[in-house]
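Subject: Structure handover and findings

Hello,

Please find the structure below, with its sequence. My notes on it come after.

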Amino acid sequence: MTSLRSKPFLLAFGLGLGAALPADAGEGAAGPYLAGRLASLESDYATAADYFTRALAADPGNPGLMDNVIIAQVGRGHVEKALPIATAVSPDASPSQIADLVILADLAGREDYAGAIAALDAGRSGGPLVDGLYRAWALVGLGQMADATKAFDDVANGSGLKSFALYHKALALASVGDFEGADAIFSGAAGGPLRATRRGVIAHVQILSQLERDPDALELIDKTFGDDASISTLREKLESGQTIPFDVVDGARDGMAEVFYTVANALSGENADLNALAYARIAAYLAPEEADATLLAATILEKQGQYELATEAFNLVSRDDPAFVAAELGRAEALISADRADAAIEALQQLAKANPDRDDIWFTLGDTYRRQERFDEAADAYDKAIATYKTDDVSHWPVYYSRAICLEREKNWDAAEADFRKALELKPDQPQVLNYLGYSYLERKENYGEALSMIERAVAARPDDGAIVDSLGWALYRLGRYEESVVQMEQAVELMPVDPVVNDHLGDVYWAVDRKREAEFQWKRALSFEPDTEEEAARIRRKLEVGLDVVLKEEGAEPLAISKNDG
């Protein structure tokens, strides 16, 4: 039977879940294959694994189907179920990098370091970066540190790989107790300094603690993390004089897991594709107690729209893990994306109850309420976040801004205005705040001059933001500067062509400059894009019936010929 070949598993080019079905494929495999292919295109790994497995049962030994089953099982996090199929793939007849990757993961998991090197020598490959670092860690596992050091250096001398290789060399040295050598790399005395990553900084902090340099470790924490609550336990231990064990990697197996995590993290910065997920899943398979790889896999799954799998991954982080709060916040976000806001709110309420001094939890809970338009409850959550602040900090502006929005929606304008002003005090040129407060003044028909100034500053910061450009056009309209308003409103519609509010505003501006047919066209467009409320839609329909002048008169508003600038 003609083979179903999958696209190659190439670093940064995608795993290629399946390929075109040959015309002469057997009928028994064709149906499940096509269903699996459809599921794979939607990143539905569980369904894809089921259908591809059925197709493989109808066409045993088909290399393309074997690849597809392996890819789907790895994507769903079942590396162990992919292994039997990976070992059945003939490396000579049909080389498969995804099969190689699973086999290398299995050898690392069983700590068969001699077998790992033999697999590389036989042509197995996990990708160009993986292979060199994987070999070096296997040599560490065999106790051959001199050869391992040379292997790390060989990778470092490769194009564009120096930072990765030095990072792993430092971890390897620390794992065997050479903390001086590891610190020399992290501090830059021996080939660094390395790019500061969260895990790298934590590793360096642990190394400094092992060297009895706690003040340097605390300085590094403060410089890198500030008042990050998730790092507070580590800081407290150092301040109390405890020696922090080095546990970022605990031996060669963990080092190999770190290799896969390193690659996954690098790839996830480009996009949330299957490459990044596969490496993250294998990292988590090798080091299930390390939360970072699990969190990365969960985040990628959420971006792919696989909310159930993302939730399952977030749930794998144990309650006593320092990353548990981050995992719960991620799980809540996945639940919200899956239209399970009530479950998300319940999770966040429990998390806040257990961690009442964590402002990030209260802030996330507030945002979740606000998305549900439960503004009073949202404001209360923001209150609790603000209550944790000991001093003002620029990072606090989003909380004041978000609470201001809720207070404004609850018709508590004085308190809302105070919070908008506080957000601007903390971050004076923040365009979102400038735009929201300026637009609010326009809607309240007050402070037109200041409103215009605020919105102009917002547009200068974000000239391609349609909502902000719309605000500028509306401010000019309110000031009676209709011709100038047309220019801004037309630009706003180009930036947000299907927004009902922006199209409605352009209609009003066209009416003001006596372009009434175009105004009616824009109002009809606005209606077609379904305004948020029936009140807004009814007002647009009324303008189409009698014109804007009559509507303004009915509302008791000033006629278009009169503008007022009390700024």
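This is a predicted model: local features need pLDDT of at least 70, side-chain atom pairs count only at pLDDT 80 or more; totals for chains, interfaces and linings use all residues.

Residues are numbered from 1 along each chain as its sequence is written, and side-chain values use heavy atoms, with hydrogens and water left out.

Cavities

Searching the whole structure gives two cavities of 30 Å³ or more. A cavity here is a set of points, on a 1 Å grid over the protein atoms alone, where a 1.4 Å probe fits but cannot get out. Grid points are joined across faces, edges and corners, and a volume is the space filled by probe spheres set on the points. The volume of the largest cavity is about 100 Å³.

Its lining (residues with an atom within 4 Å of a point) consists of Arg199, Val248, Val249, Asp254, Ala257, Glu258, Tyr261, Ala283, Ala287, Glu290, Asp292 and Ala293. By class there are seven nonpolar, no polar and five charged residues in this lining. The classes are: Ala, Val, Leu, Ile, Met, Phe, Trp, Tyr, Cys and Pro nonpolar; Asp, Glu, Lys and Arg charged; the others, Gly among them, polar. Two helices, α14 (252-268) and α16 (291-303), each supply at least two lining residues, and α14 has the largest share, with four. Helices are DSSP runs (H or I, at least four residues) numbered from the N terminus.

Helix packing

α3 (residues 63-76) packs on α5 (residues 97-109) at an angle of about 50 degrees, with the axes 9 Å apart. Axes are lines fitted to C-alpha atoms over the stretch in contact, and angles run from 0 to 180 degrees between N-to-C directions. The pair is therefore oblique; angles under 35 degrees count as roughly parallel, over 145 as roughly antiparallel, 65 to 115 as roughly perpendicular and the rest as oblique. Contact (heavy atoms within 4.5 Å) involves Asp67, Ile70, Ile71 and Val74 of α3 with Ile98, Ala99 and Val102 of α5. These contact residues comprise six nonpolar, no polar and one charged.

α5 also packs with α15 (residues 274-286), at about 20 degrees and with axes 10 Å apart, so α5 and α15 are roughly parallel. Here Leu101, Ala105, Asp106, Ala108 and Gly109 of α5 meet Tyr279, Ile282, Tyr285 and Leu286 of α15. This contact has seven nonpolar, one polar and one charged residues.

Regards

Technical notes. On a 1 Å grid over the protein atoms alone, a cavity is a set of points where a 1.4 Å probe fits but cannot get out, and a pocket is an open set with protein on both sides within 12 Å along at least five of seven lines; lining residues have an atom within 4 Å of a point.
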